[in-house]
Amino acid sequence: MYRVNNLIQTSYCVRSTLTSTKRLLSVKGTQQPQQEKKTYDFRKINKLLVANRGEIAIRILRACTENNIRTVAIYSAEDEGQLHRIKADESFKIGKGLAPIAAYLNIPEIIKVALKNDVDAIHPGYGFLSENGDFAKACMDAGIMFVGPTPDVIYRMGNKIHARQAALDANVPIIPGTTDAVDNLDGVREFVKTHGYPVMLKAARGGGGRGMRIATKESELEEAFQRASSEAKAAVGDGSLFVERLVTQARHIEVQIIGDHHGNVAHLFERDCSVQRRHQKVIEVAPATNLDPKLRERLTSDAVRLAKHVGYQNAGTVEFLLDNHGRHYFIEVNCRLQVEHTCSEEITGIDIVQSQIKVAEGAKLSELGLEQDKIKIMGAAVQCRMTTEDPANNFTPDIGRIDVFRSAEGFGIRIDSASAYTDAVISPFYDSLLVKVIAHSRNHQEACAKMVRALKEFRIRGVKTNIPFLLNVLQHKQFLEGSITTGFLDENPLLFKFVPSQNRAQKLLHYLSEIMVNGPLTPLGTDIKPMNIKPELPHIKKKEIPNGWRQVLLEEGPKGFAKAVRQHRKALLMDTTMRDAHQSLLATRVRTCDLKISAPFVAKNFSQLFSLENWGGATFDVALRFLHECPWDRLTELRELIPNIPFQMLLRGANAVGYSNYPDNVIDGFCQMAVDHGMDIFRVFDSLNYLPNMKVGIDAVGKANGVISAAVCYTGDVGDKSRTKYNLDYYVKFVDELVKMGIHILSIKDMAGLLKPRATKMLIDAIRQKHPDLPIHLHTHDTAGTGIANYMAAFEAGADVVDVAVDSMSGMTSQPTMGGIVAALQNTKYDTGIDMDKVNEYSAFWEQTRLLYAPFECTTTMKSGNADVYKNEIPGGQYTNLQFQAFSLGLGSQFENVKKSYIEANQLLGDIIKVTPSSKVVGDLAQFMVQNNLTAKDVRERADELSFPTSVIEFMQGQLGQPHGGFSEPLRTQMLKGKKKIDGRPGADSEPLNFDKIEEELKKKFGDDIIRKCDVMSYVMFPRVLEEYIDFKQQYGPVDLYPTRIFFVGPKLNEAMDIEIEHGKVLHIVVLAISDLLVETGEREVFFQVNGQLRSMKVKDKVAIKDQKVHPKADKSKKTQIGAPMPGQVLDIKVKEGDSIKKGDTVIVLSAMKMETVVKSTVEGKVKKVHVKSGQQVQGDDLVIELE
């Protein structure tokens, strides 16, 4: 009893020496005689303590339960939630005040727990104290059986120096190595003098693959020594190392042995452990493939002979390296159960753990049926160590909560695990092993097939795993053929190329969770909610779709198509519902999914349409920026659904769909890519009618074999002789220049809706008289309500095509009504042939669909059109936006002032053509004037002191091109205040862009499987927008799959939704509840039911955490900021502020999951700030070092 009390009263230590253990277990008082050395005591084990954690602890507990042995578990404070403590009959916390690993290395406390709870035996598992002779001795001295070799064997074989000598004595070949452990670099260098590089540094007392480093040259030696020694000390409490010559191109073969206490030793054949990373075994197979039977006999005989030579008892492993000449060399003996013991169990049918326990009780091998001649190989087995490491990020350990865990099962599959379940938390304190998967079948290839199937069945979300890497190895021809060496991974870099997991369901739930907790992720225009409605149209089969004008284009080409249009005597219509209409009325927010619903109906019922405007202009960047969908995918998907009607897009001349000046090869590449994705007709315009800009776009469309529909932007009033700047002569001459450029169609772009019937007739008639064979296409906005009248006049004057929007998406700042013009032309020579009933059905669909976009509805502020547009000349879409902006800024009552200022701003700038982006310049100046209470006179008088909007300055510089009539002077010079002026075509001298280089950089940043050619083009147009789009998609998945209402505002509680993530795969999702705020973390937990299974997501409540201090993250775009590559603890800081460092210098050493990682600088520089302290826990991407 005194021994127990003495242990209770003694302060705990991390690692006991043999001397201190004897002292703790001695009888009180110096007058008492020393205890005699105990002989092995055979007895039945009734109660066993497992001095380990995780899956191996559970493996041992199960073996005990099968033998009616009561079990005891120990656990650290960090392991309170681990299953091994729950599965044991009794469990006790240890290591108060100690580090997580130290808790399991605390010999006195473990012995104390065992004695206090009447434990008969202790099983050490693997790792921790499993090869510690002091621990085995302490057990024996306490009268507790140690399930493993005796202390003297562990001392001898657990020390690599002594083990090598034993091998020599047993006539087993060894690799050249040091005869003693080395604890400094001098000892290593002495060995290198004789044997040279490369060398392997190993933990002298074992480390389960830790405490091992390779040095191939002198410059690598010091770092390798420090890391190996540090890891060894952390793993087993002893940092001394053993050095040996490195044998390359070798196979790692180990023989499973088991010995009893009666001198008998048997082997359970061998395992091949050649697939290793960082000297950690990843995949093991048994038996070794392609192994000559005679060589197998030599290996197993040497293993048994060595075990008998040292008097080995219990289970262990004798490890060899096998070179390419068939010579084998002894490496070491693992005096413990191995992680991969399962492979040997599967091929022999022998439960090694149960055998260990029975041997410890004194059983002979023969009593257990373990005579050598009775042990046979039955089939083949493969074991995979599934770890929480990210293979795409250099196998960085990952930690956190497992949000989803779905395991594999089935014939031939065995799963050994502990922390693998939904809601389990993976900590950074222990090994990254999550699950051991073992496949058994008749041969190696069949076992691999089962393993591949099993790994594909796993669904693990919340933490990264190495499953992609395991699958690559298992399906590699060389592995399947069984001809691998320890260099297999290094020789096959493609094994590290992974197809990333889509993880769609989890990402989609993350999106919903964010909306439910923090509100919409897409900014809404108003507080009005989308209506809970599901607009529908009749289902259309592909075979029902008739031919249309696109077939004419495909057969005749652009010129033949234009000729056919001109020869067509009836009126032709272009439907803008899919682009300009919703840009004018719904802030361009209509999503692809809603366009796709109507697409088949349009294809079948409106094949007479000249074209559909469905792409380009503002829709491009809005799709990426706010709708989080790819505009190129929209184009491709709509083309698939509408094969018969030509598509038309808006091309901003030399700006494509962007707002910047691009090199000419960008415009060429963009147009070609658009054609390749399904675009047909390009309405090419310039916001200033600047011909040099237009020529770039016209030439690019021609090269891509697209239809060139060049636009003349209309402003002013050709019917008013007093307005001479933009008179009839100006427009006719402008068209003449366009015709010289080889256009196919002329488009008149009346973006503000300024045309009146008389002016329409005058303009079109003048052009028609001069160019009788040129198709004329008229575009206008119905802001003043005169659209239909203008169109009737246009057709009478010789126009061929006009733009309309379906009735429920027409009027005001949108296009004139489709139904109105169809009805007006019925029973005339211009009859369109379009069925009014179908127009009405189509309109009804969009009337309902429009309710889904209520947050962006223009009618919130605009109740009707307004003929004052003839005075202010504000383009349709801009009119809507300016009014909305005025109301959102609390200036609703001042909108009339904005309109008046727009007139003044236009005159200040020289009465320019107004269409995006020039219209924005006028609008920005108008708002600037209203906000600062400025008149036109004030602007002129104070131009040299006012800070004008950036868009105004850029216009005045000439970055949009040259306006008709030139710039206003001296206002231009006063505004620029010395800034550079551009007097020619902006971008004319730009160097061609290197698309391949951009693609390479994007792939390096986001991954080869993420970046497509079209993404590169999107990046060229909008660099930051594209990057944010990709980041968003990687975080939240394919949110474009959500119905529109759900996408904008999320579902209601208990609302069910079906999301088809691919054909035939549907997620049935129900949001069940949202938790109260978790104060400690600032999170709320959102609970879902997904396909009948309960799942949850924790999301930071942004309102609750706004005052919390958060460690800064490294900005990956700045090379001067060095971030933590993984979560972990700062072990060592190698630099201080003010230090100058070179590229490749070590700055920080991190430790996570018992593995040390060196963080190196990727650039040369001077340390500006060290953001961490030694011992600090960091998360992935936390800023650790900042350079100047």
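**Cavities, a buried glutamine and an enclosed helix**

The largest cavity is lined by D272, S274, V275, I283, E284, V285, T289, H444, F479, G482 and I484. Two elements, β10 (265–277) and β11 (280–286), each give two or more residues to this lining; strands are DSSP runs of E with at least two residues, helices are runs of H or I with at least four, and both are numbered from the N terminus. A cavity is a set of points on a 1 Å grid over the protein atoms alone where a 1.4 Å probe fits but cannot get out, and lining residues have an atom within 4 Å of a point. The largest cavity holds about 60 Å³ of space, and the whole structure has 5 cavities of 30 Å³ or more.

The model is predicted: local features need pLDDT of at least 70, side-chain atom pairs count only at pLDDT 80 or more, and totals for chains, interfaces and linings use all residues. Residues are numbered from 1 along each chain as its sequence is written, and side-chain values use heavy atoms, with hydrogens and water left out.

Q551 lies in helix α20 (residues 549–567).

Helix α40 (residues 1013–1021) is largely enclosed by the rest of the structure, because 7 of its 9 residues are buried. These are C1014, D1015, V1016, M1017, S1018, V1020 and M1021. The elements covering them include α23 (618–625), α24 (631–641), α25 (664–676), α39 (995–1006) and α41 (1023–1036), where contact means heavy atoms within 4.5 Å.

Conventions:
1 Å grid on protein atoms, 1.4 Å probe; cavity = no way out; pocket = protein on both sides within 12 Å on 5 of 7 lines; lining within 4 Å. Points joined across faces, edges and corners; volume = space filled by probe spheres on them. Buried < 20%, exposed > 50% of the residue type's maximum accessible area, 1.4 Å probe, protein only.
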